[in-house]
Amino acid sequence: MTDDSTEEAPTAEVPVDAQSSSGPEHEANQGAAGSSALQELLELSRQQRLQELREAPTGELKTDEAGPAGGQSPKTTTAKSRPKSDSRGASQRIAQRVARRTVGRLVTGASVNTQPVPIVTALKGSPYKAPVQANEPNEDEARMVLDLAADIAAIMMRAGAGTSDIEVSVIAACASFGLTTAQVDLTSNTLTVHYSTSDGRLMTVMRVNRGESIHFAKLGSVHKLVTDLVAGNLGFNDARSRLDAIRYQRRPYQEWFVTGAWGLMVGSLVVLLGGGVVASGLGIVMSILISQFGKLIRRTTLPGFFITTLQAAFATLVAMAAGNFGIIESPQYLVAAGIVLLLPTQSLYSSVQDALTNFPLTAAGRMVGVVLTLAGIVSGLALGVVTGEAIGLDPIEVLVPKTGVHVLTAIVSLVAATVVSMAGVVGMQSTRRFILPAAFVGLASYITMTSLTILAIDNVLASLLAATVTGFLARPLSLRLGAPAIVLMIPAIYTLLQGLSIFTAVYQIVAESETTSFAVGLSSLFTAILANAALAVGAVLGSYLARPLKNLKADAVEKTAESARSAESTMTMDTVESRE
């Protein structure tokens, strides 16, 4: 496909006398429109020329009749008047020839610049890059296809999918049923799908997402549905039935089990940072208390910023109290693990992905939520530290002791990183078959990060490179298992999040001393936030680098599509009875 087919040129409208009965999509109408426009232009030029000829003899005749009376020769008068008329006629003829050529280029030839850009071009590089396209449906069927595609997007938006994944899924569904000229507009929490039939009738379907409820198992089911549509293995009736079943799909884990998984992740993060067994157990209890405390506050319809602030303050007070009573020796690890629990990991990744994939408005909306959540965490940490000091609790020692690399410590850290990723899968409501792949990706990411840290690589750069490994491994594995890359990406990133650096920076800002100042703490906070943002950038980069790696299912879909095209087979839509 040439570059001209990927950009839509301005459409030139030319008046025509009549249209062919075969419809505006037929190629013969272009020639008829061009001939009619050219005939009108030639007729206009002929009338102008006749008007000039009517005026020219009159002037010459008056001059000739006045010649004998004045004693002047007619030849002399004619010779003086002709150059003026010839010059004016020559310039008009040149202008007419230029106009004919211009109009001829616009209304004739096989140029496709005035045709709409095929929607399947947006699927390049996606898992649905080779859809088996059906014949164009009628108006009623097209309306039902648009509703199906919009419902797919609504489920994905609520389940926590990225904007680019939602767009390619809608485009693939529309193209599979023959709506190759549909246009998708996805902005923040609103989706609009436009389609124009062959006879010019416009249809628009819109969906609005009122809130997210993370459910990665639904994303995997929707991904399988769209994959079957792209392969041509599913008709409309079956697709609608499967989508209705996905809409009411139950979560794979009970709420109490998910809460326990988050607690296990926090306890493992404490071990990963260097805490002991007692601190790990206390982290599990603290995580459960934070979750229940947050659910209790949400009943008051309090904005999320204040809820996050109170949860961060609660985690800080628990850690300070445990340190003062001698229960644990390093309470800073407990606070850091609690911060990781509160960080908007999924929103941060999605906002960066939207910004890098040409969805600036959606990225800006998500980023506002991320900034507010981070501000709530920082405010809660500051509130907890100030409150703790006010009630007589000793301050937390934020310095992390440097230790060498020991075999036992390394083994424990690797096990903890594995548990963190596995718990993340449960927390994000993914199915059980993603637990082991997520553990593998998270372990590889943690090993990369640890190796770069030992080599004294800058923290931000190390975060970027480690997250790149995460994205590079997560995309092919998730597609091989029949799910989008985000299903494995988010659980694996939890092993790389840096909550301790955020707490250290906030503590430096709140508790100024001779060795630290507000400026130093603010600089440290900016660096900590930048390091966490680098994780999202690296994950997106790794996902793009992994695009050339074709999984087996993608190959099967592409081969099916190619065989269908070579056999010139078309998929017809099932006959759908109108709903009363």
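Is Arg-201 buried, partly exposed or exposed, and what is its relative accessible area? Arg-201 is partly exposed, because its relative accessible area is 47%; here buried means under 20%, exposed means over 50%, and partly exposed lies in between, with a 1.4 Å probe and protein chains only.

Good morning, colleagues. The model before you is predicted: local features need pLDDT of at least 70, side-chain atom pairs count only at pLDDT 80 or more, and totals for chains, interfaces and linings use all residues. Residues are numbered from 1 along each chain as its sequence is written, and side-chain values use heavy atoms, with hydrogens and water left out.

I begin with the salt bridges. Side chains of opposite charge can pair when their charged atoms come close. The rule applied here asks for a side-chain nitrogen of Lys or Arg within 4 Å of a carboxyl oxygen of Asp or Glu. By this rule, the count is ten salt bridges.

Arg-201 takes part in one of them, with Glu-139 as its partner and 2.8 Å between the closest N and O atoms. This pair links distant parts of the chain, 62 residues apart: Glu-139 is in helix 3 (residues 139–159), while Arg-201 is in the loop between strand 2 (190–196) and strand 3 (202–208). Helices (H or I, at least four residues) and strands (E, at least two) are DSSP runs, numbered from the N terminus. Glu-139 counts as partly exposed, because its relative accessibility is 33%.

A salt bridge also joins Asp-151 and Arg-247, whose closest N and O atoms are 3.6 Å apart. Here the pair links distant parts of the chain, with Asp-151 in helix 3 and Arg-247 in helix 6 (residues 236–247), 96 residues apart. Asp-151 counts as buried, at 10% relative accessibility, whereas Arg-247 counts as partly exposed, at 31%. Both residues belong to a network of salt bridges that links Asp-147, Asp-151, Arg-207, Arg-240, Asp-244 and Arg-247.

Glu-255 is partly exposed at 45% relative accessibility, and Lys-295 is partly exposed with a relative accessible area of 32%.

I turn now to Gln-346. Which residues does Gln-346 touch, not counting those up to four places away in sequence? They are Gly-160, Glu-212, Ile-214, Phe-216, Met-428, Ile-486 and Ile-490, where contact means heavy atoms within 4.5 Å. Gln-346 is located in helix 11 (residues 345–356) and counts as buried at 6% relative accessibility. A polar atom of the Gln-346 side chain lies 2.7 Å from the backbone oxygen of Gly-160.

Next, the backbone. Most residues other than glycine have a negative phi. Thr-301, which is not a glycine, has a positive phi near 55°, and Gln-429, also not a glycine, has a positive phi of about 60°. Thr-301 sits in the loop between helix 8 (277–298) and helix 9 (304–324), and Gln-429 in the loop between helix 13 (407–427) and helix 14 (435–454). Thr-301 counts as exposed at 68% relative accessibility, whereas Gln-429 counts as buried at 3%.

I come to the annotated spans. The unreviewed UniProt entry annotates as "transmembrane region" several spans, including residues 460–478 and 522–546; its positions are given in the numbering used here, feature names are shortened, and annotations may be inferred rather than shown by experiment. In the model, residues 460–478 are 100% helix and 0% strand, with the end C-alpha atoms 26 Å apart. Residues 522–546 are 96% helix and 0% strand, and their end C-alpha atoms lie 36 Å apart.

Ile-509 belongs to helix 17 (residues 499–510) and counts as buried at 17% relative accessibility. Leaving aside neighbours within four places in sequence, Ile-509 is in contact with Phe-518, Gly-521, Leu-522 and Leu-525. The C-alpha atoms of Ile-509 and Leu-525 are separated by 8.8 Å, and the two residues are 16 residues apart along the chain.

I close with the surface. Leu-302, Phe-306, Leu-310 and Leu-383 form a nonpolar patch there, with about 310 Å² of accessible area together. Patch members have over 30% relative accessible area and no salt bridge; like charges are joined within 9 Å, and nonpolar side chains (Val, Leu, Ile, Met, Phe, Trp, Tyr) within 5 Å. Accessible areas come from the Shrake-Rupley method with a 1.4 Å probe, and for residues only the protein chains shown count as cover. Leu-383 lies in helix 12 (residues 360–390) and counts as partly exposed at 39% relative accessibility.

Key
Polar contact = N/O pair within 3.5 Å; in protein donor to acceptor, adjacent residues only side chain to side chain.
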